[in-house]
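Trainee: I would like a close look at a single part of this structure. Please treat the surface charge in one connected account.

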Amino acid sequence: MTKNWIDVADVDSVPVDDVIGIDITGKSLALYRVEGEVFVTDNICTHGQARLCDGFLEGFEIECPLHQGRFDIRDGKAMCAPLTQDVQVYPLKIENGRVLIEV
Ligand code: FES
């Protein structure tokens with residue numbers, strides 16, 4: 001299957017040890033930079049209508065601002081209650097200072 005990459009952001013726009021939300025091509029995404037590496041997940045929590053970019057990032061875990069569910073941003077794993085569903089993560093590559101995700 002052909003891979004489809006979309007350009008979502010400048011690497012430098014992703015804050016170090018923090019998260020930002022962006023809306024692009026109908027998707028709401030959360031971009032993180034931890035230990036020099038960039039990660040991209042869906043921005044909407046799998047438990048309710050909360051934006052993960054408004055949550056609290058600690059290490060590789062993002063805590064949802066609404067009920068404090070936590071996801072591992074590396075693989076999207078739901079780490080604790082009340083979450084029952086992992087969040088989507090996107091394979092990405094960095095090219096010419098841009099973050100591209102595979103869709
Ligand atoms: S909406 Fe995220 S934990 Fe409930």
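Trainee: Which residues gather in a patch of negative charge on the surface?

Mentor: This is a predicted model, in which local features need pLDDT of at least 70, side-chain atom pairs count only at pLDDT 80 or more, and totals for chains, interfaces and linings use all residues. Residues are numbered from 1 along each chain as its sequence is written, and side-chain values use heavy atoms, with hydrogens and water left out.

The patch of negative charge on the surface is formed by Asp17, Asp18, Glu35 and Glu37. A patch is made of residues with over 30% relative accessible area and no salt bridge, like charges being joined within 9 Å and nonpolar side chains (Val, Leu, Ile, Met, Phe, Trp, Tyr) within 5 Å. A salt bridge is a side-chain nitrogen of Lys or Arg within 4 Å of a carboxyl oxygen of Asp or Glu. Asp and Glu count as negative, Lys and Arg as positive, while His and the chain ends are not counted. Each charge is placed at CG of Asp, CD of Glu, NZ of Lys or CZ of Arg. Accessible areas come from the Shrake-Rupley method with a 1.4 Å probe, and for residues only the protein chains shown count as cover.

The members can now be taken in turn. Asp17 lies in the loop between β1 (5-10) and β2 (18-24); strands (E, at least two residues) and helices (H or I, at least four) are DSSP runs, numbered from the N terminus. Asp17 counts as partly exposed because its relative accessibility is 49%, where buried means under 20% relative accessible area, exposed over 50%, and partly exposed in between (1.4 Å probe, protein chains only). Although Asp17 is not a glycine, its phi is positive, at about 55 degrees.

Glu35 is found in the loop between β3 (27-34) and β4. With a relative accessibility of 68%, Glu35 counts as exposed. Its phi is also positive, near 50 degrees, in a residue other than glycine. Most residues other than glycine have a negative phi.

Glu37 is placed in strand β4 (residues 37-42), and its 47% relative accessibility makes it partly exposed.

Buried residues make up 37% of its 103 residues. The C-alpha trace spans about 40 × 30 × 20 Å along the principal axes of the protein.
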